[in-house]
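Please read it with the structure open.

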Amino acid sequence: MNQLITKILELQELSKELEPTEERRNELNSALCSYSNDFINTLKSHPAFVNDQNEKDKINLDKGKQSFIDFLNEFDQEVHQKGIKPASGGHVGYIPGGGIFTAALGDYLACISNEYAGMHYASPGAVTIENELLDWMKSLFGFPKNAVGNLTSGGSIANMIALTAARDKYGVKNENITKSVIYLSEQVHHCVLKALRIIGLEDVCIRYLKLDAYHKIDTAYLEKVILKDKNKGLCPFLVIASAGTTDTGAIDPLDEIAQLSEKHNLWYHIDGAYGGFFMLCESKKPLFKGIEKADSLVIDPHKGLFLPYGIGAVLIKDREIVYKSHHYTANYMQDAIHEKRDNPADVSPELTKHFRGLRMWIPFKIHGIEPFTACLNEKLLLTTYFRNKLGQMDFKLGPEPDLSVSYFWYEPEGEDTNKFNKRLLEHLHTDGTVFLSSTMLGEHFVIRLAIGSFRTKLETIDLAIDMLKSCLQLTKKEFGIN
Ligand SMILES: *Cc1c(COP(=O)(O)O)cnc(C)c1O
């Protein structure tokens, strides 16, 4: 017995470091605080992209212990100074968000308290915070209060939860899988197709819908294919629309698709991961008409609300079917009595999870909603500003965008357009002051500018224009164009 106690005390001594003293905590906090301040203060002078694909051999666990200050220096050199900078306002590629400061306080507190936000029984306060946020989203998008929702790690998992509910509602199983039909647009985010594969729907019939000149679903065509499929004896069960596509920011005709889904008894899913929160902007509300009629909806606070990466959301009207897909009990969980409450663990594949609601709650409490709405409206106007400037520079512009993603290309006389624009993009990436990305629209290589970070300002757009001017000159010169 004595030997046992001696051994325990020995291990206790060895593991003591895991609970730093208050003095030590203050020291660590203050180092982090001063690094964070420098980080934010110097973001503007830092390029948005440093293309460095070298092996990161300096980052290595074998080196063993390291002081926190040394680590922060290494982090700065090896992590912060290289790659694409999502925190920078100059990040206008893909779909940026930024990562507001007050959200970090939420993550910090969530980690310190380590509250378990999976079940009401375990942390009624934490679960209430998450459900209040979901209720706010339900009311924003006109979903009924008794819809269910979940705060996920991002849009991909949120889409997966919704598509699983659709699958189970319509009883799509092995025996009828090849007869079941899903309608979606070529512009649907790839995570939707990935989710379908993961949840066993790889072998359903997927109908890629014809799009109009604005890259939106052509609803007349949609109805035609549904009827054709029904006539063939197939079972259409799901239609997926986007409220803001990633490539061009297009919002599908949500209301017309809602009418068709109702008429033909289809599950109606809307992916609003990028565009959803533009619903807060008065001028854009008409484009979202019909979103309230969806059976399920995905939105991404880590895009549209400028939160740091790691929070998406899904709303689903049919609560019973979501429980059917995700609710599970086990003997070791018998104390967590299942009252009819919304337990996040019952509507998601996750059990033990990050208390991610706090990173949204604290910003809302500190700032209110108004600055978020102002910032979204600012992004829309910056998009117009950018397009006006670009139009003066002989670039070809895509159609007037619904939201804050626009695309453009240069048409060199007598040269291969795709080749020219690919080369132009390489120059833009080598410069890196501002980070833009590209996409293919059919056979057509285009450059995208997606304004989504709360830190993207008028001066950022001016920098982007200057960078485009000089890189265009460079490219023209290489191609021997005046
Ligand atoms: C980003 C995005 C997704 C994927 O969401 P993640 O948060 O990256 O997992 C899905 N749909 C659209 C339209 C998106 O822009």
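**Notes on the fold**

1. The protein chain has 482 residues, and a compact globule of that length would have a radius of gyration near 23 Å; the chain has 25 Å, which agrees. The radius is taken over C-alpha atoms, and the globule rule is 2.2 Å times the number of residues to the power 0.38. Along the principal axes, the C-alpha atoms fill a box of roughly 85 × 60 × 40 Å.

2. A word on the basis. This is a predicted model: local features need pLDDT of at least 70, side-chain atom pairs count only at pLDDT 80 or more, and totals for chains, interfaces and linings use all residues. Residues are numbered from 1 along each chain as its sequence is written, and side-chain values use heavy atoms, leaving out hydrogens and water.

3. The chain holds 15 helices and 13 strands. These are DSSP runs numbered from the N terminus: helices are H or I of at least four residues, strands E of at least two. Of the 482 residues, 51% count as buried, meaning under 20% relative accessible area with a 1.4 Å probe, protein chains only. Among contacts (heavy atoms within 4.5 Å) between residues at least 6 apart in sequence, 75% join residues at least 24 apart.

4. Seven strands make an open sheet with mixed pairing, in the order β3-β9-β8-β7-β6-β4-β5. Two strands pair if DSSP finds at least two bridges between them. β3 (148-152) and β5 (205-209) are at the edges with a single partner strand each, so one side of each lacks a neighbour in the sheet. From one strand to the next, the twist averages 15°.

5. Inside the sheet, β7 (residues 267-272) and β8 (residues 296-299) run parallel, joined by four bridges. Ile 270 has Leu 297 of β8 as its bridge partner. Helix α8 (residues 219-231) lies across β4 (180-185), β5 and β6 (235-242), at about 155° to β5. Axes are lines fitted to C-alpha atoms, for helices over the stretch in contact; angles run from 0 to 180 degrees between N-to-C directions.

6. Now the rings. There are 20 aromatic pairs. Rings of Phe, Tyr and Trp (its six-membered ring) pair with centres within 6.5 Å; planes under 30 degrees apart are stacked, over 60 edge-to-face, the rest tilted. Tyr 407 and Trp 409 are stacked, at 6.2 Å centre to centre and 20° between the planes. Tyr 407 is buried at 9% relative accessibility, and Trp 409 is buried at 11%.

7. Ring pairs also link Trp 136, Phe 141, Phe 277, Phe 306, Phe 364, Phe 372 and Phe 454 into a cluster.

Note on methods: Buried means under 20% relative accessible area, exposed over 50%, partly exposed in between (1.4 Å probe, protein chains only).
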